[in-house]
Amino acid sequence: MSRPANKSTTVVDSGFSSHVVALACQMVDGGGNNESMDVCARVCMVDEYENIIFHVYVKPPIPVPNYSGIGGEHLRDGMPLKQVQRRIEEFLCNGEAMWKIRSPKAGKARILVGHHLHPLLQSLHLQYPSFMIRDTAAYPPLMKTNKLSNSLKYLTQTYLGYDIQTGVQDPYEDCVATMRLYLRMRNQVHQREDYPLASDPRNRNNFAPSKQSELERMSSEAMLAISRSDYYCWCLDSM
């Protein structure tokens with residue numbers, strides 16, 4: 001696996017062709033006055049072909065006494081957080097206004113892949129529509145239970161057959177692992193339905209109170225046939 005050099009800074013034009021990007025951060029702890037905050041110190045993004053599109057050290061907006069394997073000079077000379085935010089938003093929105101993003105299949109905005117993305121985005125002070133996010137820590141087929149996630153290290157070894165995070169965390173390595181997991185899940189072949197989600201307007205009245213008497217006469221097999229859930233299978237991204 002080709003990795004970025006330790007001092008590298010890579011920023012490509014946001015107009016690249018991939019419709020999916022993966023994001024990972026290397027965190028350092030002990031930030032802030034009470035030394036209890038995790039701070040993003042290094043950011044990497046790759047496209048679905050594992051090409052690096054963004055790789056920078058981030059200049060911490062608060063004091064960080066513990067660099068956790070990252071040289072202090074990298075952070076002092078890093079890109080300011082607001083600039084990092086702006087570049088990531090450019091890559092994600094791809095020229096589309098954030099408030100106009102409505103669907104991963106319409107418009108130019110890109111699907112965001114990662115592991116435990118919610119705290120990662122919080123550390124970067126970024127927001128992105130949940131329907132555009134594919135989180136390997138929150139996708140039911142990859143979880144231990146409906147409440148408990150597997151580690152990215154475990155998922156990579158189990159589903160991809162190799163080890164990661166054997167030393168200092170490498171955000172490029174994490175990006176590649178999450179992207180490969182996403183593509184593996186997306187490329188699975190399932191039976192397709194025309195209106196698969198319960199939230200689809202064409203499914204909202206399947207169990208309406210006005211249909212109570214009709215539903216009571218249905219067999220369990222017939223009721224199952226019109227039942228839908230809001231579980232979104234990633235294979236739908238390839239439709």
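Q: What separates R87 and E90 in helix α2 (residues 81-93)?
A: In this helix, a DSSP run of H or I with at least four residues, R87 and E90 are three residues apart, about one helical turn. The model is predicted, so local features need pLDDT of at least 70 and side-chain atom pairs count only at pLDDT 80 or more, whereas totals for chains, interfaces and linings use all residues. Residues are numbered from 1 along each chain as its sequence is written, and side-chain values use heavy atoms, with hydrogens and water left out.

Q: Why is the contact of R87 with E90 called a salt bridge?
A: The term requires a side-chain nitrogen of Lys or Arg within 4 Å of a carboxyl oxygen of Asp or Glu. The closest N and O atoms of R87 and E90 are 2.9 Å apart, so the pair qualifies.

Q: Why is E90 called partly exposed?
A: Buried means under 20% relative accessible area, exposed over 50%, and partly exposed in between (1.4 Å probe, protein chains only). E90 has 32% relative accessibility and therefore counts as partly exposed.

Q: What makes D237 and R134 a salt bridge, and which parts does the pair tie together?
A: The side chains of D237 and R134 meet at 2.8 Å, N to O. D237 lies in the segment after α7 (220-226) and R134 in strand β7 (residues 133-135; a strand is a DSSP E run of at least two), so the pair ties together parts that are 103 residues apart in sequence.

Q: How do you know whether R134 is buried or exposed?
A: Its relative accessible area is 3%, so R134 is buried.
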